[in-house]
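Let's take a walk through this protein together, from its strands to its helices and a few single residues. Keep the structure open as you read.

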Amino acid sequence: MIDLQVQDKKHDEARQGEALILDTPVKADARKLYIESYGCAMNFADSEIVASILSETGFETTGDYHQADVIFINTCSIRENAETRVRNRLSQFGVEKRRNPKLIVGVLGCMAERLKSKFLEEERLVDVVVGPDAYRDLPNLIEQVESGHKAVNVLLSREETYADISPVRLNSNGITAFISITRGCNNMCSFCVVPFTRGRERSRDAHSIIEEAKALFEAGYREVTLLGQNVDSYTWTSEDGTETVNFAQLLEQTALVSPDLRVRFSTSHPKDITDEVLHTIAKYDNICNYIHLPVQSGNTRILELMNRTYTREWYINRIDAIRNIIPGCAISTDIIAGFCTETEEEHEETLSMMDYVQYDFAYNFTYSERPGTLAARKLEDDIPEEVKKRRLAEILAKQQAHSLMRLQEWVGKTVRVLIEGTSKKSDLDYCGRGDSGAMAIFPAIEGVKPGQYANVYIEKCTSATLIGKIV
């Protein structure tokens, strides 16, 4: 995967394989749980739900799998490299299991549903396989394994949203947090496995989302990201039918928790994002002027093969609406190079779309056929790898130029930054993000600490980072 830096990356390479640790008092008799996560932000949020469920049965987390009684890998099936990483880790955990036969090894998430028979029967790598809608069943499944049986639950649900479970915040900086607002997806893009691994879309109770946002703010968090495969299609109706909340209304309710709580969201879909949502963003200063709007391709024929359900012209209409209603709004995207039958002329249309929008950030990939998808069943992956790589290189070079241009626009201006912590390179510097999501680095000063907002004068930039000082 090749991409550029952004704050709520769907696949944050810095976090892939992260062991999630809960900062709680150590109990001598507690069983140890090791959770390692791969893939998108939804998976990392789900790992927090798993930790919360198992903490109720006496588990505490550990960052050392050699100490664990139970090891879980929360997995992703979106791209082939994620599956390769998981298989390599399972082999390493197998070595530990031979040393400690009582160790339980399990696979959670999207790969669990798709590869359950391989993991349990053919490769015999794991003891328990659990899909993303079955985490409540984990205590029972662990008991089954302890009694000598393999355990599996990959049933997909039309109702499960985990709305009543307060996620344990693992490895959190105590400042930013994810809140899941939907599960599953109804879009059926031909290249994507998510509808098959996470099931049909369902929206979480709006009241539970707002209560979670309030609890996070009271606990000191100052930024929340509302998560969903397609946040714009969020629609919740109360059981008695007297109340319906759409995404624009949910955004507004979250923003009203406090003007000091910054609100982000991911991911939007071009067919669903409405002017109502855009006007809501423009209305509230604490809703970030940043929208991730995946285009995938700039050509209408390829978009139709992808089953994206919009045209090039429709996408441009949505970009124009964003520019008109929220001047200066940062926009990022996803682009797939070398989708089935893509011609050079169609690739050029993607490059021209990039020139039209001039994205702040982009996540750029070569097409990778995923088993079980509509594209894998009905379309031939006929673009040679060397052509895919060359097209990707052209996309990446253009995006790097656009990203640098967008960051240079901030030089000489003052940006309101939420300080997230110290810089990775120096404890003498703070890091944090402005409204647009760009990372800023600046010297730490006395009396200002992480979790606070600071006005940072931008003196210069690299292609991915703003550099300045607090004023």
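How many bridges join strand E22 to strand E23, and do these strands run parallel or antiparallel? There are 5 bridges between E22 (residues 453-461) and E23 (residues 465-470), and the two strands run antiparallel. Within this pair, Tyr 457 has Lys 469 of E23 as its bridge partner.

**The protein overall**

Please bear in mind that this is a predicted model. The protein has 14 helices and 23 strands. Of its 471 residues, 57% are buried. Among contacts with a separation of 6 or more, 73% are between residues 24 or more positions apart.

**An open sheet and its helices**

Now to another group of strands. An open sheet of 3 strands has the order E9-E12-E15, and its pairing is parallel. Its edges are formed by E9 (176-180) and E15 (262-266), each of which pairs on one side only. Neighbouring strands in this sheet are turned against each other by 25° on average, direction ignored.

As a general point, strands of a sheet pair through backbone hydrogen bonds, either parallel or antiparallel. Here, E9 is joined to E12 (residues 223-227) by 5 bridges, with the two strands running parallel. If you want a spot to look at, find Ala 177, which stands opposite Val 224 in E12.

Helix H1 (residues 41-55) lies across E9 and E12 and runs at about 90° to E9. Helix H7 (residues 206-218) packs on the sheet and touches E9 and E12, with a direction that makes about 170° with that of E9.

**Two helix pairs**

Two packed helices are described by the angle between their axes and the distance between the axes. The table sets out two such pairs.

| Helix pair | Axes come within | Crossing angle |
|---|---|---|
| H1 and H5 (residues 138-146) | 9 Å | roughly 70° |
| H12 (residues 344-357) and H14 (residues 385-408) | 10 Å | roughly 10° |

The crossing of H12 and H14 makes them roughly parallel. On the H12 side, the residues that meet H14 include Glu 344, His 347, Leu 351 and Asp 355. Their counterparts in H14 include Arg 390, Arg 391, Glu 394 and Lys 398. By class, the contact of H12 with H14 has 5 nonpolar, 4 polar and 7 charged residues.

H1 and H5, on the other hand, are roughly perpendicular to each other. H1 contributes Val 50, Ile 53 and Leu 54 to their contact, while H5 brings Leu 138, Pro 139 and Ile 142. The contact of H1 with H5 is made up of 6 nonpolar residues, with no polar and no charged ones.

**Strands E17 and E18, and Ser 332**

Strand E17 (residues 330-337) is joined to E18 by 6 bridges, and the two run parallel. Across this pairing, Asp 334 stands opposite Tyr 363 in E18. Why can E18 be called largely enclosed by the rest of the structure? Because 5 of the 6 residues of E18 (residues 361-366) are buried.

Ser 332 lies in E17. With a relative accessibility of 0%, Ser 332 counts as buried, since the cut-off for buried is under 20%. The side chains of Ser 332 and Tyr 290 are joined by a polar contact of 2.5 Å. Leaving aside neighbours within four places in sequence, Ser 332 is in contact with Tyr 290, Ile 291, His 292, Leu 293, Tyr 359, Phe 361 and Tyr 363.

**Phe 191, a loop residue**

Is Phe 191 buried or exposed? Phe 191 is found in the loop between strand E10 (182-183) and helix H6 (194-198), and it is buried, with a relative accessible area of 13%. Apart from neighbours within four places in sequence, its contacts include Gln 296, Met 306, Arg 308, Ile 336, Phe 339 and Tyr 367. Phe 191 and Cys 340 are 149 residues apart in sequence, while their C-alpha atoms are 9.8 Å apart in space.

Notes:
Residues numbered from 1 in each chain as written. Predicted model: local features only at pLDDT ≥ 70, side-chain atom pairs only at ≥ 80, totals over all residues. Heavy atoms only, no water. Pairing = 2+ DSSP bridges. Helix = DSSP H or I, 4+ residues; strand = E, 2+ residues; numbered from the N terminus. Axes fitted to C-alpha atoms, helices over the stretch in contact; angles between N-to-C directions. Contact = heavy atoms within 4.5 Å. Buried < 20%, exposed > 50% of the residue type's maximum accessible area, 1.4 Å probe, protein only. Polar contact = N/O pair within 3.5 Å; in protein donor to acceptor, adjacent residues only side chain to side chain. Parallel < 35°, antiparallel > 145°, perpendicular 65-115°, else oblique. Nonpolar A, V, L, I, M, F, W, Y, C, P; charged D, E, K, R; others polar.
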